[in-house]
Amino acid sequence: MVAYFWAGVWLFLTVSTSVSEASDLDYVTCGTVLKLVNTRSDVRLHSHDVKYGSGSGQQSVTGVHSTDDHNSYWQVNAKQGVQCPRGRPVKCGQTVRFMHLQTRKNLHSHHFNSPLSNNYEVSAFGEDGVGDEGDNWVVTCNDMYWERDAKVRFKHSATGGYLHVTGDTFGRPIHGQSEICAYPNPNDFNYWTTAEGVYIRPQEDTDKRNGDSDDDYDGHDEL
């Protein structure tokens, strides 16, 4: 199963795209497949084909401590209706989507209550990477680009909530997994950093320094 999964990862990436699992890439780039770790609770953002029993009834999103679960991989894509070339560094303040690689649904939020803490529910939504504006998240960081290993927040465009770990855990059928929600205020439980993944190398090292037109970047999203 694991071998099949990784074969799918490599097939998904175009042959012409340079990839790296080394630490020499400074930035997260469009098309990168990665795991996100909450820096306070040390859980990885996770999803699976298990639906919430309340709220939206959509596919659940949780946090897990396991480092080798292939259901914790997400692909970084541009926001709905916008192009971001693979390998282009993601800017702080840029709006992105995270597609769950195994089920091809997008990280999503809305005004349904989360099942344990009654904040905004976070789910996985859409089909084959196509969803709606509830899939858009603003990368909130202090530099020009989203740096690997930096602590960043993800602010949901529609609700204004931050991707967050509450500390509450579920019972069956996802016993022990942490609740993920969108929380109205920034705090230490909504900081995230990158972990394992397949990082897409920029096509040209000068892309991030030149005055390219970044149609996928909306300066009004910067916090």
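**Close-up views of the predicted model**

With a relative accessibility of 0%, Phe154 counts as buried. Buried means under 20% relative accessible area, exposed means over 50%, and partly exposed lies in between (1.4 Å probe, protein chains only). The model is predicted: local features need pLDDT of at least 70, side-chain atom pairs count only at pLDDT 80 or more, and totals for chains, interfaces and linings use all residues. Residues are numbered from 1 along each chain as its sequence is written, and side-chain values use heavy atoms, with hydrogens and water left out.

**View 1. Phe98, Trp146 and Phe154 are linked into a cluster by ring pairs.** Searching the whole structure gives 4 aromatic pairs. Rings of Phe, Tyr and Trp (its six-membered ring) pair if their centres lie within 6.5 Å; planes under 30 degrees apart count as stacked, over 60 as edge-to-face and the rest as tilted. One of the pairs joins Phe98 and Phe154, edge-to-face, with 5.1 Å from centre to centre and 75 degrees between the planes. This pair links distant parts of the chain: Phe98 belongs to strand E6 and Phe154 to strand E10, 56 residues apart. Strands (E, at least two residues) and helices (H or I, at least four) are DSSP runs, numbered from the N terminus. Phe98 and Phe154 are both buried. The ring of Trp146 also meets that of Phe154: their centres are 5.3 Å apart and their planes are at 65 degrees, so this pair is edge-to-face. Trp146 is buried too, at 0% relative accessibility.

**View 2. The largest nonpolar core has 35 residues.** Such a core is a set of buried Ala, Val, Leu, Ile, Met, Phe, Trp, Tyr and Cys residues joined through side-chain atoms within 4.5 Å. Leu45, Val61, Phe98, Leu107, Trp146, Phe154 and Leu163 have the most contacts inside this core. At least two core residues come from each of E2, E5, E6, strand E8 (120-125), E9, strand E11 (162-169), strand E12 (178-183) and strand E13 (192-200). E5 gives the largest share, 3 residues. In soluble globular proteins, nonpolar side chains tend to be buried together.

**View 3. Leu163 has contacts with residues beyond four places away in sequence.** A contact means heavy atoms within 4.5 Å. Leaving out residues up to four places away, Leu163 touches Leu45, Leu107, Val122, Trp137, Phe154, Ile180, Cys181, Phe189, Asn190 and Trp192.

**View 4. Cys30 and Cys84 form a disulfide.** The sulfur atoms of Cys30 and Cys84 are 1.8 Å apart; a disulfide here is a pair of cysteine sulfur atoms within 2.5 Å. The torsion about their S-S bond is about 75 degrees, so the disulfide is right-handed. Cys30 lies in the loop between strand E1 (19-20) and strand E2 (33-38), and Cys84 in the loop between strand E5 (74-78) and strand E6 (95-100), so the pair ties together parts that are 54 residues apart in sequence. Cys30 and Cys84 are both buried.

**View 5. Cys92 and Cys141 form a disulfide.** Their sulfur atoms are 1.9 Å apart. The S-S torsion of Cys92 and Cys141 is about -115 degrees, so this disulfide is left-handed. Cys92 sits in the loop between E5 and E6 and Cys141 in the loop between strand E9 (137-140) and strand E10 (153-156), so the pair ties together parts that are 49 residues apart in sequence. Both Cys92 and Cys141 are buried. The whole structure has 2 disulfides. With the bonded cysteines numbered in sequence order, the pairing is 1-2, 3-4.

**View 6. The ring of Tyr191 has the charged end of Arg153 over it.** The distance from Arg153 to the ring centre is 3.9 Å. Lys151 also lies over the face of Tyr191, 4.5 Å from the ring centre. A charge sits over a ring if NZ of Lys or CZ of Arg is within 6 Å of the ring centre and within 35 degrees of the ring normal.

**View 7. His100 lies in strand E6.** His100 counts as buried, at 0% relative accessibility. What does the side chain of His100 reach? The backbone oxygen of Asn71, at 2.7 Å. Beyond four places away in sequence, His100 touches Ser47, His48, Gln59, Asn71, Tyr73, Trp74 and Lys105.

**View 8. Lys155 is placed in strand E10.** Lys155 is partly exposed, with a relative accessible area of 23%. Lys155 and Ala182 are 27 residues apart in sequence, and their C-alpha atoms are 8.1 Å apart in space.

Notes. Polar contact = N/O pair within 3.5 Å; in protein donor to acceptor, adjacent residues only side chain to side chain.
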